[in-house]
Protein chains: 2
Amino acid sequence: MTSATKVNPDLSDERKKVEFDVEEFTNWYYKGAENVAEKRFLENFFLSDPELEDKVPTSYLSHKEKYENAVRKAVLVVNKIKELQADGRGGVDIYMALLGGTLGTAIFREANPITVHFVMFLPAIMNHGTSDQQAEWISRAWNCNIIGTYAQTELGHGTYIRGLETTATYDPKSKEFILNSPNLTSYKWWPGGLGHTTNYAIVIAQLHSLGKCHGIQPFIVQLRDEETHMPLKGIKIGEIGNKVGMNTVNNGFLAFDNVRIPLKNMLMKNAKVLEDGQFIKPKSSVLTYGTMMFVRVVILKDMASYLSKAVTIALRYSMVRRQSPIEPNKPEPKIIEHVTQQYKIFPAIAKVIVFKITAEFLWDMYNQVTHDLDKGDLERLPELHAISCCLKAVCTNEAAQAVEICRLSTGGHGYLNSAGFQDIYGMVTAAQTYEGENTVMFLQTARYLIKCWEKAMNGEKLTPTVSYLENFIKGRNSRQSFQNSPSGILKAFQLAAAKKIAESNKHLEERKKYLSPEEATNQTGLELINASELHCQAFLLQATIEVLEDSTKQTSLQLRSVLKDLLELYSVDLALRYTGSLLEFANMTSSDIEFLQRSLEALLKKLRYNILGIVDGFDHPDQILGSVLGTYDGNVYENLINAAMKSPLNQEDVNKSFHLYLKPFMKSNL
Amino acid sequence: MTSATKVNPDLSDERKKVEFDVEEFTNWYYKGAENVAEKRFLENFFLSDPELEDKVPTSYLSHKEKYENAVRKAVLVVNKIKELQADGRGGVDIYMALLGGTLGTAIFREANPITVHFVMFLPAIMNHGTSDQQAEWISRAWNCNIIGTYAQTELGHGTYIRGLETTATYDPKSKEFILNSPNLTSYKWWPGGLGHTTNYAIVIAQLHSLGKCHGIQPFIVQLRDEETHMPLKGIKIGEIGNKVGMNTVNNGFLAFDNVRIPLKNMLMKNAKVLEDGQFIKPKSSVLTYGTMMFVRVVILKDMASYLSKAVTIALRYSMVRRQSPIEPNKPEPKIIEHVTQQYKIFPAIAKVIVFKITAEFLWDMYNQVTHDLDKGDLERLPELHAISCCLKAVCTNEAAQAVEICRLSTGGHGYLNSAGFQDIYGMVTAAQTYEGENTVMFLQTARYLIKCWEKAMNGEKLTPTVSYLENFIKGRNSRQSFQNSPSGILKAFQLAAAKKIAESNKHLEERKKYLSPEEATNQTGLELINASELHCQAFLLQATIEVLEDSTKQTSLQLRSVLKDLLELYSVDLALRYTGSLLEFANMTSSDIEFLQRSLEALLKKLRYNILGIVDGFDHPDQILGSVLGTYDGNVYENLINAAMKSPLNQEDVNKSFHLYLKPFMKSNL
């Protein structure tokens, strides 16, 4: 963590003022000293390998060079994971942790063109393949003799999976499926590694047999020759082009022209096709919830992780950058002394903790629900789905905004790639769209909330995350006055959510008098999203209050006090961001707002000298931060110049374009 | 405008439904048919040149290749401008329009490494040089025999210019200035073209003479040999590295080690140094306002222009993309049918018009004020400065957010570089920081508002943009009930701004009892920014109401009606975004909000079939949009695949990384 170079005194002075034990925070944040030791071991294991270090920052490379370098490193990383396994560290889990999990995302910073092989291709065979199919494919895939991807999304079809157009038509004569892409919109589009890396794919296609369509099913399809890597006959394949971020993933497209695969290549653990073409329906299954919940939890943790990097960079920089005198005739202060600067960063630091805690809360909830499920109790499944949808939307939206605010808080230097924000933003903003587009997510939660509202109106009992609706209907809280405390703000949000759900429902019912229920829902979409968002904010706050209360029982007083301040800052800031809703629905008054504003300012001041301990405690090594502005030693100006000197253009005094274009031009009018 | 290929019927059907004459809107928007003809002539003049077309999208190139290509094109563009001049089209103006103005930004999309030569180097010599200095430098600069930049910002100093550290010390013996960079933080950092392109610079440095510092002054400094382009002795120079956007600008750094320049190289139109080293103070001057106001107006127009591209892309795509059934058992609708999608795009379209109109309003105001100035009346200068500060901040912030919302509204495809949003965002978000960091801008306006408040409390008369404060203090409007109309919403914003200024001032005064005025201002910073923002929103709305009223008197009824709907949409959306402030300060009630929500939904519906005419009327040729999703013909899927096929990786079936890394890896565990 510490650097060999001398630490900027502006930053070392700040560190002396931190009143709590940073290592205690780190252990609390990562849930135990063992986890921290393991994290540090793995970071060091990978980051100390000179082969994985980029001599020239990859952003200077051409797109093609970036890809080639990414393949080189991907192979190295997987080989190093195998080394770890040979030393007895972890089984399948370590691939998931390092390639699909937050730790891996942190260590490697760039996405990897063979991640999808481990995170989706292998699990799909395990989850959807029969034991025969597993026997045939798992070991080859596990040993990377074949490398696969997961091809679902099409050029014209993302969110609405039933609209997929790729067809797999069974031919009973040859006992084969014939795959086709009937038109442009059916081209597979986006799968990671599909462009030039993988030679197999799980392809999701509409199954046709004996003249009937049986909906979408998964098929294993070979795409490229195993020796030459040439695309097989009938297969059109390539990459989809470069993007805002994630340019090392090699996202690809794929089209089929009468590609034949044997019957046994349909993954048949659930639905089946018999040799004669007869289709056997699957037993209905809720098992797919597992993967989805896992992905949502990973996204929430990722948002916490990415945002924790952005705030580390912004805060450390703000403690060494000096700009704009506050008092005339005094030297320029550290920019962190400007209250407006504190406000850009401190609430984002609180969000990191809230998102991380809520991700873990959601995961515990999921495990509880699957436990109930084993006893045949499906009651909480829709609730779990609903809360995970709005959490995905709120946390990715807020993380994206907060990362940009952090970047902007560092002024012009934040615009440099060497500041590291753009890499972070590229990853975070992608999550606003993938795994469920955020507007769709909000509307899914809203649909559930409306159902709950109707149930509650009928006197039915509700599950925990929505039970506040019952209280509201029973009139238990509609007149409560606003209280400025985390639990008071939570109650205000629950009241506001309840009233907004009620109001949306009223407008929905009015519209149903002359519109279909679906069109009425569409017309009420904007209000439904508001309701969904209020519900989600209440849940984030509730989960954090509960977990913090419980998990800080054993911590030192000093740490507990700082975490309490952060929770208060989070809730006060939340209330001030939603004064519109709270004034409208939750009995807030103007003097409440004035009081909240003072609390906010007081909390910023209170946290001023402890906050550095929190970002240091996130424990990101400089290599992982990848930022000249955020290094532990705070030597930002040396870093900026050193980074500039790495630019390929700076390797020569005069670029050839002078002789080719500039000089002839400058001399032409002499 | 129209394309040779067949227009997607989804889009041609939509065009038939537009009820107004699109060309009439275009002529209104660009203020006359002559301007539109000139715009189209210039677009065609540049865009039809095959030498300026990129065969491979530049985003695929390495950083170095991007630079070399940019120099090649910059020379071509300037030569083509000279061609235009030879044909009698424009003088200096055309350089400014095409290199520093919105039209040029639109046509060339990428920034240019010699733009600063025309936009800052040349004007600086004209504005700050004596007639002798002009005679010496202007014609060489005008003919591009030398190419210069403007070096002010330093690694450690941006906003606070007085903090600059570069020194120019006069040596009376040799009659030279000696330039030095005393430390890292004094390195010049950011000037466009400085890296490897320019051979001269205007350098802003602290003038020392006869043992005294006389503050910052401008100097002409040669940086590179005119024949070899090698950096001169004592000069350390290079580029600062790649960035979120604007990567063809070649921003550079520069450090001096005892670099000597003759006395005559200090630009001495204002301050002077005599041969013996005596310093002659400048007469105080307000002339610098001119450049600053010009730049602010250009930024506002740029924001309108960039955002107009983003909305064009998002809207056209939304009218051909089909996704997620609204009604079960019906086909997937165009995504524009989802009300939530309309809300992402329509208000942003209204913003384009508001920003453009306000930019012109500001420019007229500036000309009025300079007219008064000539008569010795300086009264409105501070007002003009104050309103331009908050406008710069609000318009760049809102444009940045709106561009990202447009990108996200196009789902995953928007994340592709070929969608064109990233280029736009890179330019827009840069403007949040350059030419006055936005938080600093808000606080400057706030300082003015507090002064006005004090004046008004003392019964002094205020200038027009703040006269609403007088009304408030006289109690003329504090009890007015909220009215749902553009002028009613304007009054509500003025009331809210007045009350927020009053409240901030109250808190400021309280703090002044125990803090210095400056520290009290710092502690009240968050509220001062809120006040400043409310003031700005009121001004934007007021300017738009006034100009629209006036400028649509001659238009057709159909066009006037659509523009009126857009103004209403803008104001209703604005009110709904600020319900917190309006409920707190402007007598808004819950039922007002419910009513506004209905108005919003009604306006979206009303504009649904006319809105395409507005974006078509922005009249962006496909080449300028640079987006596969936004072409006039709406053939997005063909475009997406064609763009992908241009990726250098897709030029070969098998990339060499397969043979180098993947194959050995895949075979290693057989």
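Contact means heavy atoms within 4.5 Å. Keep that in mind as you work through these exercises.

This is a predicted model, where local features need pLDDT of at least 70, side-chain atom pairs count only at pLDDT 80 or more, and totals for chains, interfaces and linings use all residues. Residues are numbered from 1 along each chain as its sequence is written, chains are lettered from A in the order in which they are written, and side-chain values use heavy atoms, leaving out hydrogens and water.

**Exercise 1. Describe the surroundings of K73(A).**

Step 1: Find the residue. K73(A) sits in helix α4 of chain A; helices are DSSP runs (H or I, at least four residues), numbered from the N terminus.

Step 2: Look for its partners. Not counting residues up to four places away in sequence, K73(A) touches L52(A), D54(A) and E110(A).

Step 3: Check the accessibility. Its relative accessible area is 11%, and buried means under 20% (1.4 Å probe, protein chains only), so K73(A) counts as buried.

**Exercise 2. Work out where S209(B) lies and what it contacts.**

Step 1: S209(B) belongs to strand β5 (residues 200-209) of chain B; a strand is a DSSP run of E with at least two residues.

Step 2: With a relative accessible area of 2%, S209(B) is buried.

Step 3: Leaving aside neighbours within four places in sequence, S209(B) is in contact with Y170(B), H214(B), V273(B) and G277(B). For G277(B), the backbone oxygen lies 2.6 Å from a polar atom of the S209(B) side chain.

**Exercise 3. Describe how chain A and chain B meet.**

Step 1: Count the residues. Chain A brings 141 residues to the contact and chain B brings 143 residues.

Step 2: Find the area. About 12400 Å² is buried between the two chains, 59% of it on carbon and sulfur atoms; buried area is the accessible area (1.4 Å probe) that two parts lose on being put together, summed over both. Y415(A), L526(A) and F665(A) supply 7% of the area that chain A buries against chain B, more than any other three residues.

Step 3: Look for salt bridges (a side-chain nitrogen of Lys or Arg within 4 Å of a carboxyl oxygen of Asp or Glu). The rule finds 16 across this interface. One of them may be checked by eye: R598(A) pairs with E510(B), with the closest N and O atoms 2.5 Å apart.

Step 4: Ask which helix matters for the count. On the side of chain A that touches chain B, helix α4 (residues 63-86) of chain A gives the most, with 11 residues.

Conventions:
Buried means under 20% relative accessible area, exposed over 50%, partly exposed in between (1.4 Å probe, protein chains only). A polar contact is a pair of N or O atoms within 3.5 Å; within protein, one must be able to donate a hydrogen and the other to accept it, and residues adjacent in sequence count only if both atoms are side-chain atoms.
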